[in-house]
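Look at how the two parts of this protein chain meet.

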Amino acid sequence: MELNELKEKFVELFGHKELKAFFAPGRINLIGEHTDYNGGNVFPCAITLGTLGVAARREDTQINLYSENFSELGVISFDLEDLAYRDEDKWTNYPKGMIKYLKEAGYPISSGMDVALYGNIPNGAGLSSSASLELLMGVMLEDLFDLPVSRLDLIQTGKRVENEFIGVNSGIMDQFAVGMGKKDTAILLDCNTLEYELVPVELGAHKIVIMNTKKRRELATSNYNSRRNECEQALEELQKFIAAPSLGALDEAEFETYQDQLSNQIIKKRARHAVTENQRTIKAAKALKEGDLKQFGSLMNASHVSLRDDYEVTGVELDTLVQAAWDQPGVIGARMTGAGFGGCAIAIVADDQIDSFIQQVGKTYETEIGYPAEFYIASIGDGAKAVKEA
Ligand code: GLA
C-alpha cells in the first residue's frame with residue numbers, strides 16, 4: 001500500500017483532516033546477536049521495509065488507531081485518560097504504551113488523535129516490526145504535539161514499552177537501529193555506554209539477501225527471557241572471581257581463565273557466546289571499515305555457529321537456510337539475524353549470483369523443511385522520520 005492509498009483509507013475512516021505522514025523502518029543486524037542485554041556491541045542497520053503512518057490530532061481525548069495489516073480488527077479506540085494494557089486492544093498496546101510513558105514523563109500530549117498505519121515488514125519475521133511501530137508512534141507524537149523529546153529518549157521509551165508494557169525483556173538494539181539508522185550505513189553501538197559509530201556498508205558488487213524461514217515463533221518470548229536469565233546467572237557466578245560489570249566487558253582470554261568456575265555446561269555455553277560474539281562484532285566492524293569483506297563474512301559465519309551450538313537459538317529452519325547459503329558460490333557470509341527461533345537469516349551474495357542463490361537455497365529449504373522460504377534484497381535506509389510531501 002502506497003502513502004496515497006493510506007491517506008485515502010484515513011479519510012474514509014476519519015474524514016478529511018490536515019494529515020501528517022511518518023515512516024519508521026525495520027532492521028537487520030549484521031552481527032552482534034544477543035549481546036545487547038549483555039553490555040556488548042551490536043552492528044545493525046535500518047532497512048527500507050517499514051511502517052508508514054498518517055495521523056491528525058483530535059479536539060477530544062479519544063485515540064483511534066487503524067492498521068491495514070490488521071484490517072479485520074477495524075478501528076481500535078481508547079481514551080487518553082485510560083492507558084492501561086488490555087489484551088483485547090491487540091497491536092494497539094504498542095502505541096498505547098508509547099503514549100502512556102511519554103505522558104508520564106511529563107510530555108504534553110494534550111488531546112486524542114486519529115491514526116492509520118500500514119507496514120510491509122513481513123509479520124513475525126524478526127525484522128523488528130514492533131520497534132518500528134514504537135518509533136513510528138514516537139516521531140508521530142513528537143511532531144503532532146511538538147514534544148521537546150530527544151531521539152534517545154524515544155528509543156529508550158520504545159524499549160520500556162517492550163520490557164514493561166508488553167513483557168519481553170529485550171535489549172536496546174532494535175529501537176536504536178530503527179531510531180538512529182542512516183542510509184547505507186550500519187551502526188556500531190556499544191550497548192553499555194550507548195556510544196555509537198556509523199560505518200558505511202560498502203559491499204562492492206554484493207548485496208545483502210534476507211532469507212525468511214516463515215516459521216511461526218510462538219515460544220520466542222519465553223526462550224528469549226530464559227537466555228537472558230542464564231546470562232545473568234553466568235555473570236553473577238563470574239563476578240565472584242573477576243570484577244566485570246557485564247559479560248560484554250570480558251575478552252576471550254579472561255573468559256578462558258574463569259570459565260571453569262561456572263556451575264554448569266549450559267550457562268558456560270551461553271556466556272561463551274555472549275563473550276565471543278561481542279569480540280567478533282568489534283572485529284567485524286573493523287574488517288568492514290578496512291574493506292576486508294572476506295574476514296567480515298567469516299565472522300558472520302562464526303557468529304551463526306556460536307548461536308547454533310552455544311546459544312542454541314537457531315533451530316532446523318534457520319540452520320537449513322544458512323547451511324544452504326554457505327554451500328552456494330559467491331557467498332561472502334551468512335547467519336541468522338535477530339532473536340532467532342525462526343525469523344530471518346541474512347547472506348552477503350555476489351550480484352551476479354543472486355538469482356541462482358535464491359533459486360538453489362529456496363529449493364533446498366522447501367525440500368528439507370516442507371514449505372517455501374521467502375527472499376528479499378535488503379536496502380539500508382534512514383531511521384524513523386516525518387515524511388515530507390513532494
Ligand atoms: C531481539 C531483541 C534485541 C536483541 C536481539 C538478539 O531482536 O529485541 O534486543 O536482543 O533479539 O540480538
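How many salt bridges are there between domain 1 and domain 2? The count is two. A salt bridge here is a side-chain nitrogen of Lys or Arg within 4 Å of a carboxyl oxygen of Asp or Glu. Glu33 forms a salt bridge with Arg335. Their closest N and O atoms are 2.8 Å apart.

This is a predicted model, where local features need pLDDT of at least 70, side-chain atom pairs count only at pLDDT 80 or more, and totals for chains, interfaces and linings use all residues. Residues are numbered from 1 along each chain as its sequence is written, and side-chain values use heavy atoms, with hydrogens and water left out.

Now the domains themselves. Domain 1 covers 3–199 + 381–386, and domain 2 covers 201–378. These bounds come from an automatic or database domain assignment. The domain centres, taken over C-alpha atoms, lie 26 Å apart. Domain 1 brings 34 residues to the contact and domain 2 brings 42 residues; contact means heavy atoms within 4.5 Å.

Next, the area. The two domains bury about 3,000 Å² between them. Buried area is the accessible area (1.4 Å probe) that two parts lose on being put together, summed over both. Carbon and sulfur atoms hold 63% of it. On the domain 1 side, Ile31, Glu33 and His34 supply 22% of the area buried against domain 2, more than any other three residues.
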